[in-house]
Amino acid sequence: MNKFIIQVNGTVYGSTASFRALRFTESVLSLGHQVTSVFFYQDGVTNSSKLISPASDEHDLHLAWSRLATEHNLNLVNCVSAALRRGVLSDQDAKENRKETSNASKQFVMGGLGELVTNIEQSDRLICF
């Protein structure tokens with residue numbers, strides 16, 4: 001059994017990065033490997049917005065990540081700096097920045113590059129999308 005950390009750099013829609021990362025993560029888990037965390041960086045933080053509303057006949061990547069996290073107790077981590085620059089705020093970030101509302105789902109936690117480095121040290125492989 002290998003331990004993986006998955007880094008998602010691509011936006012929720014507009015590239016295939018998030019979809020490929022999701023499918024890879026599902027495959028790794030189905031083969032009995034462990035995913036120490038999924039780290040959303042750069043435009044990848046848009047995956048955490050609970051306001052993403054694709055058409056009813058389209059694949060909902062935000063919902064798919066949230067379900068996968070719940071089913072497998074996955075740690076979904078947003079880079080807080082990248083998220084704030086792109087308008088993705090947790091409840092705490094909204095309060096600290098005096099914004100009226102937040103939009104990050106509760107399945108996604110805010111973290112930093114230090115957390116990424118710590119998880120890399122605890123993993124066998126880092127896979128970036």
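This is a predicted model: local features need pLDDT of at least 70, side-chain atom pairs count only at pLDDT 80 or more; totals for chains, interfaces and linings use all residues.
**The whole chain**

Start with a cartoon of the protein chain, which shows five helices and five strands, where helices (H or I, at least four residues) and strands (E, at least two) are DSSP runs numbered from the N terminus. Followed from the N terminus, the elements run β-α-β-α-β-α-α-β-α-β. The radius of gyration, taken over C-alpha atoms, is 14 Å, close to the 14 Å that the globule rule gives for 129 residues, so the chain is as compact as a globular protein of that length; the rule itself is 2.2 Å times the number of residues to the power 0.38. Switch to the C-alpha trace, and its span along the principal axes is about 45 × 40 × 25 Å.

Colouring by accessibility next, 43% of the 129 residues count as buried, meaning under 20% relative accessible area, with exposed set at over 50% and partly exposed in between (1.4 Å probe, protein chains only).

**Salt bridges**

Now display the charged side chains: a search of the whole structure finds three salt bridges, each defined as a side-chain nitrogen of Lys or Arg within 4 Å of a carboxyl oxygen of Asp or Glu.

Select Arg23 and Glu26, whose closest N and O atoms are 2.7 Å apart. Both residues lie in helix 1 (residues 17–30), three residues apart, about one turn of the helix. Glu26 is partly exposed at 27% relative accessibility, and Arg23 is also partly exposed, at 34%.

Move on to Asp43 and Arg86, where the closest N and O atoms of the salt bridge are 2.6 Å apart. Asp43 sits in the loop between strand 2 (34–40) and helix 2 (61–72), and Arg86 in the loop between helix 3 (80–85) and helix 4 (91–96), so this pair ties together parts that are 43 residues apart in sequence. Asp43 is partly exposed, with a relative accessible area of 37%, and Arg86 is partly exposed at 34%.

Finish at Asp91 and Lys106, whose side chains meet in a salt bridge (2.7 Å, N to O). Because Asp91 lies in helix 4 and Lys106 in the loop between helix 4 and strand 4 (108–111), the pair ties together parts that are 15 residues apart in sequence. Asp91 is partly exposed at 41% relative accessibility, whereas Lys106 is exposed, with a relative accessible area of 65%.

How values were computed. Residues are numbered from 1 along each chain as its sequence is written. Side-chain values use heavy atoms; hydrogens and water are left out.
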